[in-house]
Each structure stands twice: as C-alpha cells, then as structure tokens.
Amino acid sequence: MQNFLVLNAGSSSLKFAVFSGSKLEAILHGQVDGLGSRPAFSAKWPDGTAHPGSGPELPADAGHAKALDAVLGWLRDNGNGPETLAGSGHRIVHGGDIYTGPVIVDDRVLANLDDLRSKAPLHLPFGIAALRRMRQLAPDLPQVACFDTAFHADQPDTDVRLPIPQKFHDKGYHRYGFHGLNYEHVVTALPGLTGKPLPQRLLIAHLGSGASMVAVRDGIGVATTMGYSTADGLVMSTRSGALDPGVLIALMRDEGLGLNELEDLLYRQSGLLGLSGISGDMRELLASESPRAHAAVDYYCYWAARHAGSLITALGGMDGLVFTAGVGENAAPVRAGIINHLNWLGVEVENQRNVAGEMEISQPGATCPVWIVAANEELAIARHVRSMLKG
C-alpha cells in the first residue's frame, strides 16, 4: 500500500506527517508555524532530528492554502508527492451530530462541514480550508475527514444534555467534547506501552494550549470537561474554561461588551494569561518569579483536580491516570500540583520519575498508576485513513 499524508490545521499552524501505508510508521513530519504573521517551516525525521532539506520560503501573509501549496511542493521535491500517496487524512475539530466517525470526503460532506462552521468558528474554518485546497490540488486522491468530537459520541444522555429547553437541544445545543483523536490514540497505545490491559476506569488529561480531561470506561469515553464549545472546562492558556453564565450576562449588560468582544475575552484574553497578566505559556509562568505567575499555576492545578474529581465520580473510581499533550508531557510541576490535590484518593507520583519525565511516574505496583503518553493525533488519523480505504 502507498503512503498516507496527514494534515492537522490549527488557527496559525499547519502540521503534516507522512506515514507508510503498510506499517503506519511515520516517515517524516513537520509544520508551518506563524501563519498570518511570521510563517516558519520545519520538518523532522521520526527520531526527531531535523530534515536536511531546506524549507520553502513563505510570504508574511501566508494563509493555510499557501502553506499547503508550499508543503506539497516540498514533499514532492523530497520524494513524497501526491503520486506516492494512497490517501490523505484531515483533523476536523467538529463533526456535529452528523459525523460520529471518519468519512471519505465528497462534495456533500464538504457542504455539510461548511454548515457546521458556526459550531467551532475559531477552529473549523482552518481544517476545512486545508481540506478544500487539498481536493483542488489532488482531485483524484481520497480525502478522509477525522473528527475530534467522534470519540465522545457514545456518551450517555445525562452527560450530553444541557439543562435548557428541549427545542434548543434538538437544534444541537448540547455537549460534544473535543481532543477525541488524541484520546483515541492514548487508549490504543497505552496497553502496548505498559504491557498490561487498559485500565477499566481511566482518566486522561490532555493538557496543552487547549486543555480537557476525559473519563474512559472499558475504552469508551463516558464524560469529558469540554462541552458545547472548546472554551468549557479546564482553565487553558488563554481560554477561560468553565465560567458562571451570569458573569457573561453581567459583562454584556454592565460593561457593554458586544459578542465579538466577549468572544475575544473568553478565547484570547483569559485563562493563564488573564490570571497572571504575564503570559498564557506555561513554560514562561513556571520560569517566572512573579507571585501572579505562581498563583496562576496553582489555580490551574487546583481547578484541574476539581474537574478530575467530577470525572472520577462519573467513573465510580479510578484505576489509572494519563497525562498527555504539551503541558501534560513536559511540565513536571503541573503534574505534581494536580496529583497533590488527589492524594486523598491514593494517587501519588514518585518525584524523581516525575521530574525525569519517565513513562510511568508512579511507584511500581501503585494501586492507581500514573503515566505520560506522548500525544499523536496524526497516527490516529493515519489509522482511520488506512481503515477507510481498505473498507
């Protein structure tokens, strides 16, 4: 089988990876960062070393379409042009109530995705733009859309419903959940990493710029912290997380905030940035001597543990905990800070293992082991592409 190209379009970035079709091993991966301001291309081999091929030059105002053109040109120059591919997979943040699993994209699917833009206006347009451009550049290449919401599609009604009138629920105003592709990857990868069966009651903390947690029972997501939007749940880099709706009403009524100003406040000015007044980057806050930076980190850990307690209730206990994504994988003080609030449950980490970032950071034989699993949405997508094309 030929190779697969995976594209993951964010608001200011375009990540890509090429996987072998037979073994689903990454051949290379890279990204274009800083889209719309200072675009920068980078590519690496699977072992993390930089690819020696020089990257394409991109104009300062390059968007996702130009970035994709440049990436495909670079891949072709390095022996991975469209003619070497069997298909392409795309991370699409939201599938709404229509798509609860991967789908091969045709004109009807693309039109449906356009109709879903309002569900995630700060995320969906970029994934759709990359998908549409890829179809233009390689019209005969099968395109597979993979959805972050799909992992949560089997949650029970009590976890999905919002306490608002039925007519709004019927229009799609309910909890969806996100980060599902990485949650799927963790559930698939963990038994191979530990050499043991997947814990029956597993809590996974995806802590990155965007952050959420999910409760997994027998491999199935049963509850998660993000809801209708990606602004719900945990405190994030610049997103508020869960917020009293009365505050939103007061901000509009008493402070005169309009819809655009409110959206900007909740998505771009709040979270760690709003708490610290310094930065939304956890690395900067951990390195800072500012009391406000320390307070923001403490707040982040405390409320993450509060949300974890809610999910543990949904599970009826916890048999394992996984940290994943940028903060979860790299910030030992954050992992320790969250777990310190969960010690009463018998969850503990071994300090040296935690600081070293070992795969298992709890004591051997712990009642509730704690692991670090590297995020890999791209592999989950590649797995779906292969499955769909075989089907």
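1. His179 is buried, at 8% relative accessibility. This is a predicted model, and in it His179 sits in the loop between helix 5 (166-170) and helix 6. The phi of His179 is near 60 degrees, a positive value in a residue other than glycine. Most residues other than glycine have a negative phi, which is the reason for listing this one among the points to look at.

2. Ala325 also deserves a look for its backbone. Its phi is positive, about 75 degrees, although Ala325 is not a glycine. Ala325 belongs to helix 12, which covers residues 325-330. With a relative accessible area of 7%, Ala325 is buried, because the cut-off for that class is under 20%.

3. A histidine in helix 5 comes next. His169 has its place in that helix. The relative accessible area of His169 is 16%, so this residue counts as buried under the 20% limit. Leaving aside residues up to four places away in sequence, His169 touches Asp157, Arg161 and His174.

4. Where does Val235 lie? Val235 is found in the loop between strand 10 (220-224) and helix 7. Val235 is buried, its relative accessible area being 8%. Not counting residues up to four places away in sequence, the residues that Val235 touches are Ala211, Ser240, Gly241, Gly271, Leu272, Leu275, Tyr299 and Tyr300. Val235 and His185 are 50 residues apart in sequence, and their C-alpha atoms are 23 Å apart in space.

5. The second largest pocket holds about 990 Å³ of space. Its lining is made up of 28 residues, and those nearest the centre of the pocket are Tyr228, Ser229, Leu248, Leu266 and Tyr267. Two or more residues of this lining come from each of helix 7 (245-254) and helix 8 (259-268). Helix 8 gives the largest share, 5 residues. By residue class, the lining of the second largest pocket divides into 17 nonpolar, 7 polar and 4 charged.

6. Helix 15 runs over residues 377-390, which makes 14 residues. From its first C-alpha to its last, helix 15 reaches 20 Å, close to the 20 Å expected at 1.5 Å a residue. The buried residues of helix 15 are Glu377, Glu378, Leu379, Ala380, Ile381, Ala382, His384 and Val385. In an α-helix there are 3.6 residues a turn, so residues three or four places apart point the same way.

7. Which elements do the buried residues of helix 15 pack against? These residues pack against strand 1 (3-9), strand 2 (14-19), strand 5 (85-92), strand 7 (143-147) and strand 8 (201-207), and also against helix 6 (180-194).

8. How many disulfides are there? The count comes to 0, the rule being a pair of cysteine sulfur atoms within 2.5 Å. Cys301 is in no disulfide, since the nearest cysteine sulfur, that of Cys368, is 17 Å away and the limit is 2.5 Å. Cys301 counts as buried, at 4% relative accessibility. Cys146 counts as buried as well, at 1% relative accessibility.

Terms used
Residues numbered from 1 in each chain as written. Predicted model: local features only at pLDDT ≥ 70, side-chain atom pairs only at ≥ 80, totals over all residues. Heavy atoms only, no water. Buried < 20%, exposed > 50% of the residue type's maximum accessible area, 1.4 Å probe, protein only. Helix = DSSP H or I, 4+ residues; strand = E, 2+ residues; numbered from the N terminus. Expected span 1.5 Å × (residues − 1). Contact = heavy atoms within 4.5 Å. 1 Å grid on protein atoms, 1.4 Å probe; cavity = no way out; pocket = protein on both sides within 12 Å on 5 of 7 lines; lining within 4 Å. Points joined across faces, edges and corners; volume = space filled by probe spheres on them. Nonpolar A, V, L, I, M, F, W, Y, C, P; charged D, E, K, R; others polar.
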